[in-house]
Amino acid sequence: MTKAIRFHEVGGPEVMKWEDVEVGSPGPGEVRIQHKAVGLNFIDVYFRTGLYPAPLPNTPGMEAAGVIVELGSGVTEFAVGDRVAYAGRPIGAYAEERVMPADILIKMPDSIDDETAAAMMLQGMTTEYLLQRTFHVKQGDTILFHAAAGGVGLMACQWANHIGATVIGTVGSEEKAELAKANGCHHTINYREEDFQKRVMEITDGKGVPVVYDSIGKDTFEGSLDCLQPRGLMVSYGNATGPVNDVDLGILAAKGSLYVTRPTLMTYNDKREDLVKSAADLIDMVEKGIVKVNIGQRYHLSEAAKAHEDLEGRKTTGSTIFTL
């Protein structure tokens with residue numbers, strides 16, 4: 001028997017329980033992994049609350065690092081003892097061990113330790129596709145990134161700064177503003193004290209920005225649209241304050257023929273070759289020191305409920321991992 005976090009009903013953090021579970025042998029195309037560290041991401045909250053439906057009972061989690069302890073038939077790309085990490089479906093990472101498909105795994109180089117690997121995959125590959133594929137950020141661009149002191153935000157600030165873009169980031173405190181600046185954010189806006197749309201226009205001399213990256217959701221959606229240049233792109237990739245509903249498409253015309261997209265990492269990396277390329281780009285940035293993975297919090301996996309409370313209460317900065 002091994003231990004895992006499971007929820008038997010959707011709801012608040014308290015529905016998650018630390019339970020004994022059976023982990024079977026891997027089937028064709030699968031491996032059994034012993035986790036060394038597990039990543040926490042806001043998407044875990046969406047599954048726990050039922051915003052994203054999942055069969056019950058279930059184990060949350062989409063990101064972890066560990067070592068392969070058993071191979072199923074037909075697995076040729078990996079060997080027992082390989083250090084690997086992953087980010088993506090199927091959910092179930094909040095566990096000491098699990099069986100999962102081999103085709104979403106990425107081998108980890110010795111230069112990246114287990115905790116860094118568990119903290120960087122989902123947020124780092126999200127940063128990669130946002131800046132390189134959803135909107136190709138170029139030298140000289142000015143971009144707005146909400147939640148700039150979060151896990152994706154800190155990586156995006158560093159990556160975009162390396163490209164040569166100017167980053168405007170929203171934050172919720174002076175402490176978070178300093179953290180964002182230390183990671184390459186050029187202009188920080190404390191949304192609790194300032195009108196972020198007004199400040200963006202001041203910073204850009206009334207021009208606005210070509211792209212807004214927004215993981216906040218309904219609280220910032222309309223204001224974000226008002227930060228865009230004509231034909232600008234609104235990238236809504238998260239729902240921290242709730243989903244964006246009932247959007248009048250006519251608003252996009254009135255505000256300057258704007259574009260809106262709702263991307264996911266799973267779609268962008270649904271092909272093995274796309275996943276491998278995204279992970280390789282991320283690993284390269286981390287190995288070169290261009291992107292430094294900021295682990296702001298560590299919890300034992302049995303403390304998942306407390307970690308979710310802190311995440312939803314906006315008490316976290318950077319990446320959060322679970323230890324085992």
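Predicted model: local features only at pLDDT ≥ 70, side-chain atom pairs only at ≥ 80, totals over all residues.
User: How much space lies in the largest pocket, and which lining residues are the closest to its centre?

Analyst: A volume is the space filled by probe spheres set on the grid points, which are joined across faces, edges and corners. For the largest pocket that comes to about 1000 Å³. It is lined by 45 residues, and F42, A147, S215, Y237 and A240 are the closest to its centre.

User: Which element gives the most to the lining of the largest pocket?

Analyst: Helices (H or I, at least four residues) and strands (E, at least two) are DSSP runs, numbered from the N terminus. Helix α2 gives the most, with four residues. Elements that each supply at least two lining residues include α1 (42-49), α3 (151-163), β9 (166-171) and α10 (304-312).

User: Which residues touch the most other members of the largest nonpolar core?

Analyst: First the general idea. In soluble globular proteins, nonpolar side chains tend to be buried together. Buried means under 20% relative accessible area, exposed over 50%, partly exposed in between (1.4 Å probe, protein chains only). A nonpolar core is a set of buried Ala, Val, Leu, Ile, Met, Phe, Trp, Tyr and Cys residues joined through side-chain atoms within 4.5 Å. The largest one here has 81 residues, and Y94, L105, M121, Y213 and F322 touch the most other members. Helix α2 (residues 114-134) brings the largest share of this core, nine residues. A second, separate core holds 14 residues, including C227, M234, L252 and L258.

User: What does L105 touch?

Analyst: Contact means heavy atoms within 4.5 Å. Not counting residues up to four places away in sequence, L105 touches V31, I33, I68, F78, V84, A85, Y86, M100 and R272.

User: How many disulfides does the structure hold?

Analyst: A disulfide is a covalent bond between the sulfur atoms of two cysteines. The test is a pair of cysteine sulfur atoms within 2.5 Å. The count here is zero. C157 is in none, and its nearest cysteine sulfur, that of C185, is 4.2 Å away.

User: Where is T49, and what is it in contact with?

Analyst: T49 sits in helix α1. It is partly exposed, at 34% relative accessibility. Leaving aside neighbours within four places in sequence, T49 is in contact with V10 and G11. T49 and P13 are 36 residues apart in sequence, yet their C-alpha atoms are 8.5 Å apart.

User: Where is A305, and what does it touch?

Analyst: A305 belongs to helix α10. It is partly exposed, at 22%. It touches P13 and M16, not counting residues up to four places away in sequence. A305 and G12 are 293 residues apart along the chain, with C-alpha atoms separated by 8.4 Å.

User: Which bond joins L56 and P57?

Analyst: A cis peptide bond, with omega about -10°. P57 is in the loop between α1 and β4 (63-71). The bond from R89 to P90 is cis as well, with omega near 0°. P90 lies in the loop between β5 (83-87) and β6 (97-101).

User: What phi has R231, and what phi has S257?

Analyst: R231 is not a glycine, yet has a positive phi of about 65°. It lies in strand β12 (residues 228-236) and is exposed, at 65% relative accessibility. S257, not a glycine either, has a positive phi of about 55°. Its place is the loop between α7 (249-254) and β13 (259-261), and it is partly exposed, at 46%.

Technical notes:
Residues numbered from 1 in each chain as written. Heavy atoms only, no water. 1 Å grid on protein atoms, 1.4 Å probe; cavity = no way out; pocket = protein on both sides within 12 Å on 5 of 7 lines; lining within 4 Å.
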